[in-house]
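Please look at the sequence and the three-dimensional structure shown here before reading on.

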Amino acid sequence: MDYPELPGPAFLFDLDGTLIDSVYQHVIAWRSALSHLGIDLSVWRIHRRIGMSGGLFVSALLRETGLSLTKSQIDDLQQAHADAYTEQLDSVRPLPGAADLLAELTGRGVPWAIATSGYARTARSALGMLGLPEDTPMVTRDLVRRAKPDPDLFLAGAALLDVDPRYAMVVGDSVWDLLAARRAGALGIGLLSGGYGREELERSGAFRVYADPEDMRNRLDELGVRLD
């Protein structure tokens, strides 16, 4: 029979909590930045917002506390977070199997890109950790109008690979990744390595949930990657 053939799979990876084990460093960095302004928040409240853009993150936390900040204070807060995170870079490591997963996809000719809410200043340091070259396809917050939960990062990542977002799969560790994936029209894959539970990820649209990149690598056939 004649019938249309769909293109092979392509993957768009979140970074923090998906490829590198950095979620809690970001949590501590945000807590430190907030404390400089006299804002004391429990780490669990901060963790629930990790994965959003920095601006939305701050707005959400301020809404919860009932506080208000000027734009200048918000800019200073985001800069303080970046500085505090940079001080912890020595403790950040790739998640199990992350480098091997990307290498296997590359070896099989499967296109992939990284799309992160982080700014290039902090995000690009992850390339060396993962053994990736500087020209690795990566979209950072600096390059799009809006970050997660808006779909811009993943739409830009798909454009970078020259693939239709409908034929891409977004791999992320937070509900914000999966919400952005749904808005981009892409399938979502959840990883437990960022601290969200399986049920939360599935309710947010993940059609498969894996423990970490290594678990995903061992099950690539479930995602349409031909292993023969």
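The model is predicted: local features need pLDDT of at least 70, side-chain atom pairs count only at pLDDT 80 or more, and totals for chains, interfaces and linings use all residues. Residues are numbered from 1 along each chain as its sequence is written, and side-chain values use heavy atoms, with hydrogens and water left out.

A nonpolar core is a set of buried Ala, Val, Leu, Ile, Met, Phe, Trp, Tyr and Cys residues joined through side-chain atoms within 4.5 Å; buried means under 20% relative accessible area (1.4 Å probe, protein chains only). The largest such core holds 31 residues, of which F11, F13, L15, L105 and M216 touch the most other members. Among the elements giving two or more residues to this core are β1 (10-13), α4 (71-86) and α5 (98-107). Helices (H or I, at least four residues) and strands (E, at least two) are DSSP runs, numbered from the N terminus. The most is given by α5, with 4 residues. Beyond its neighbours within four places in sequence, L105 is in contact (heavy atoms within 4.5 Å) with F11, F13, V110, W112, L220 and V225. A second, separate core has 24 residues, including L41, I46, L69 and V209.

Helix α9 (residues 175-184) has 7 of its 10 residues buried, so it is largely enclosed by the rest of the structure. These buried residues are V175, W176, D177, L178, A180, A181 and A184, and their cover includes α8 (152-161), β6, β7, α10 (198-203) and β8 (206-210). Just after α9, G185 takes a positive phi of about 85 degrees.

In helix α1, the buried residues include V23, H26 and W30.

Notes: Buried means under 20% relative accessible area, exposed over 50%, partly exposed in between (1.4 Å probe, protein chains only).
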